[in-house]
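Please look at the sequence and the 3D structure below before reading on. The report that follows goes through strands, sheets, a nonpolar core and the surroundings of the ligand.

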Amino acid sequence: MKLSSASKRAENYPHGESNWYCGFQYTAVSGLGYEEGVHRRDPSSVIEHDGKYYVWYTKSSGVYYGNYTNYDMYAKKYPWDYADIYYACSEDGINWKEKGCAVHRGGKGEYDERTVCTPDILEHDGKYYLVYQAIAQGDYDVLGESVAMAIADDINGPWKKISSSILERMDSGTWFPESKGNYNEDEFVGVVHDPSLYYFNDKFYLYYKCTNNFRKYMKYAGPDTRWGVAIADKITGPYVHSEYNPITNSGHETMLWHYDGGMAALLNRDGPEKDTIQYAKDGVNFELMSHVQNTPQAGGAFRGKDLDRCPLEGIRWGMCHVDERGTQWCYIMRFDLDTRLAYCQGLAYPKINSESII
Ligand code: AAL
């Protein structure tokens, strides 16, 4: 008998713990579902307050022109262009009621005049912090977004914006010093997308998508998107880009959770390690833990308590979006760990009764 390469690999691949493996199922929701003429997308994490769940998301209306606009730089370019941040609340995570606008775009000449989108929420020391993408008026792809923050004492607002952005993108082409030979700097696009904020080891960790290199499409099993992290002592900053950025080689929208004194992360959609769950004891150096199936797009997980019950407790359920480019309107759904594929011992995952549409 001989041992094949695959069998040799299997000996230590990846960590062999089945309770990191899972799949996902999807449920249509009311209140945030498909609506002609309206985009709702990029939901935040879900948090609970007084027995109700809350979620924030990008909302905009009208058709958008993508990269085909030749070339009115003021035309709505993306579904998240000319957007505001809305929020909704629910008693069961399925029937949602839109409560209104949480954060509006800024006024003329302000750094967030053109759009505010893709929020995430952190509740910390009795206050609420929204982090989100913001961009000034001008040529969307040339300007690029920054990360902004708004703070509220009450979950329903009012939200007070910090006067300037809390994070700017890094200069293009400076993040891959050792791979200059095979990485064309001209094609590298540094961004600060999908901000997600956590209180970790007495500091604030702001994770984000740090590259968005669609021109290298499919080179690394999909668009070359990766994540970065910026760390601050105070929640309002200053946030300092980690020297280790990019800290992932894959993943589109960020979704992370606390587990066992470290940070767990689900990397979706793009890159050689797409659709994997990874774990970093220090929040920076991520190791592959499992391959997962049917991952949520732009997921925002419920930030529950007792996350140490099992590795996947932090993504037991949440909200995500459906974005069918072209003619469709973006909308929000609920995701749940697939009960058949979540091997988390001793934990009863909820059964969803409503119609599952994916
Ligand atoms: C999303 C996210 C960010 C991008 C855009 C809106 O899926 O990656 O938020 O900027 O698309």
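Tyr-132 has Ala-148 in β9 as its bridge partner, and this pair belongs to the antiparallel pairing of strand β8 (residues 127–135) with strand β9 (residues 146–152), which runs over 7 bridges. Here strands are DSSP runs of E with at least two residues, numbered from the N terminus, and two strands pair if DSSP finds at least two bridges between them. The model is predicted, with local features needing pLDDT of at least 70 and side-chain atom pairs counting only at pLDDT 80 or more, while totals for chains, interfaces and linings use all residues. Residues are numbered from 1 along each chain as its sequence is written, and side-chain values use heavy atoms, with hydrogens and water left out.

Strands β8 and β9 are part of an open sheet of 4 strands in the order β7-β8-β9-β10, with antiparallel pairing. At its edges stand β7 (115–124) and β10 (160–161), and because each has a single partner strand, one side of each is left without a neighbour in the sheet.

Another open sheet of 4 strands has the order β1-β21-β20-β19, again with antiparallel pairing, and its edge strands are β1 and β19 (300–301), each of which pairs on one side only. Within this sheet, β20 and β21 pair over 6 bridges in the antiparallel sense, and the bridge partner of His-321 is Ile-332 in β21. The loop between β20 and β21 holds Asp-323, which counts as buried because its relative accessibility is 14% (buried means under 20% relative accessible area, exposed over 50%, and partly exposed in between, with a 1.4 Å probe and protein chains only). The C-alpha atom of Asp-323 is 9.7 Å from that of Ala-298, although the two residues are 25 residues apart along the chain.

A nonpolar core is a set of buried Ala, Val, Leu, Ile, Met, Phe, Trp, Tyr and Cys residues joined through side-chain atoms within 4.5 Å. The largest such core has 22 residues, and among those with the most contacts inside it are Trp-20, Phe-24, Trp-257 and Leu-312. Strands that each supply at least two residues of this core include β1 (24–28), β15 (256–259), β20 (317–322) and β21 (331–337), and β21 gives the most, with 4 residues.

Elsewhere, strand β13 (residues 224–232) is mostly covered, since 8 of its 9 residues are buried. This strand pairs with β14 in the antiparallel sense over 2 bridges, where Ile-231 stands opposite Val-240 in β14.

Which residues lie around the ligand? Among them are Arg-41, Trp-80, Gln-133, His-193, Lys-209, His-252 and Glu-253, where a residue is near a molecule if one of its heavy atoms lies within 4 Å of it. By class, this shell has 1 nonpolar, 4 polar and 7 charged residues. His-252 lies in the loop between β14 (240–241) and β15, and at 7% relative accessibility this residue counts as buried. The side chain of His-252 also makes a polar contact, at 3.3 Å, with the side chain of Lys-209.

| Side chain | Distance to a ligand oxygen atom |
|---|---|
| Gln-133 | 3.1 Å |
| His-193 | 3.4 Å |
| Glu-253 | 2.7 Å |

A polar contact is a pair of N or O atoms within 3.5 Å; within protein, one must be able to donate a hydrogen and the other to accept it, and residues adjacent in sequence count only if both atoms are side-chain atoms. The protein covers 97% of the 280 Å² of accessible area that the ligand has on its own, areas being computed by the Shrake-Rupley method with a 1.4 Å probe.

Notes:
Ala, Val, Leu, Ile, Met, Phe, Trp, Tyr, Cys and Pro count as nonpolar, Asp, Glu, Lys and Arg as charged, and the others, Gly among them, as polar.
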